[in-house]
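Visitor: I would like to learn how to read a sheet and the helices around it. Could you walk me through one case?

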Amino acid sequence: MVAAQESNPSSPSAGHKELEGQVAVVTGGAGCIGSATASALASVGAGVACIDIEDPAPLAGQLRQAGCDAIGIQADLRDDEQVSRAFGSVVDHYGAIDVLVNMVGVYYEVPRVPFWEIDVDTWNTVVDSNLLAVFLSCRAAAPTMRAAKRGRIVNVSSNTAVFGMAYFMHYIAAKAGIVGMTRAMARELGPDGIAVNAVAPGLVRTERSVGAGGEEYLREVVAGQCLQSAIEVQDVVEAVMFLSGPRGRIVTGQTVLVNGGASVGPF
């Protein structure tokens, strides 16, 4: 006779939405991966606030039409005052922030040049958009999470932070900064029951990535991966969802590489 297994409160039961009653903020929520992440969070019961420099109201409207609880807030997350107002609006509306997913950042707009040709203004623009915006968002969300003694923060970095790339130093420095910042925050916020992790994707197949580099470039990238399949938006979303929910309860301070093994170098 086999003894009954002890129930695990972290494992969602059949039909249960694992983030029911929780509030998730997605920065960069108007973008391709950001909007997919917001939709996924909403689908498992979370109230979702999308914050972006581009107007996220249309996405929030679509989620509400689908029966989800969502709001859109337009803000420049590089600006301290706008960040404070945006997150204040989320707390005013929902009363809490349980999950923060930082998708905010720029990639296609970043000029690829030798580092000795990067001027200070360009450096600051790239670093502020990819690193400062994440820092300000985490700082704004932390007080309500600390008060509740729980929370999940997922910061999106890049696999280029692991193996580097020529002519992209400003972007890579910012994305590597996210990895270090994630580890430091995990140490500081752990005693308050808050898990902080990063997801570092490789080149994700989107309409924009194919348009920028072409199918041939995508095939070259895939050829450098251990798993010979293009990285899809849903692959990134699944990693974020694991770290945002109860199944990632004891995982913190980690950087999950969603890159098909592209950073596994030869001996």
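Guide: We will take the sheet, then a pair of helices. This is a predicted model, where local features need pLDDT of at least 70, side-chain atom pairs count only at pLDDT 80 or more, and totals for chains, interfaces and linings use all residues. Residues are numbered from 1 along each chain as its sequence is written, and side-chain values use heavy atoms, with hydrogens and water left out.

Visitor: In what order do the seven strands of the open sheet run?

Guide: Two strands pair if DSSP finds at least two bridges between them; helices (H or I, at least four residues) and strands (E, at least two) are DSSP runs numbered from the N terminus. Here the order is β3-β2-β1-β4-β5-β6-β9, with parallel pairing. β3 (70–74) and β9 (255–258) are the edge strands, each pairing on one side only.

Visitor: Which residue in β5 stands opposite Leu100?

Guide: Ile153 does. Strands β4 (residues 99–102) and β5 (residues 151–156) run parallel, joined by four bridges.

Visitor: At roughly what angle do the axes of α4 and α6 cross?

Guide: Axes are lines fitted to C-alpha atoms, for helices over the stretch in contact, and angles run from 0 to 180 degrees between N-to-C directions. The axes of α4 (residues 120–148) and α6 (residues 169–189) cross at roughly 15° and come within 8 Å. Angles under 35 degrees count as roughly parallel, over 145 as roughly antiparallel, 65 to 115 as roughly perpendicular and the rest as oblique; α4 and α6 are therefore roughly parallel to each other.
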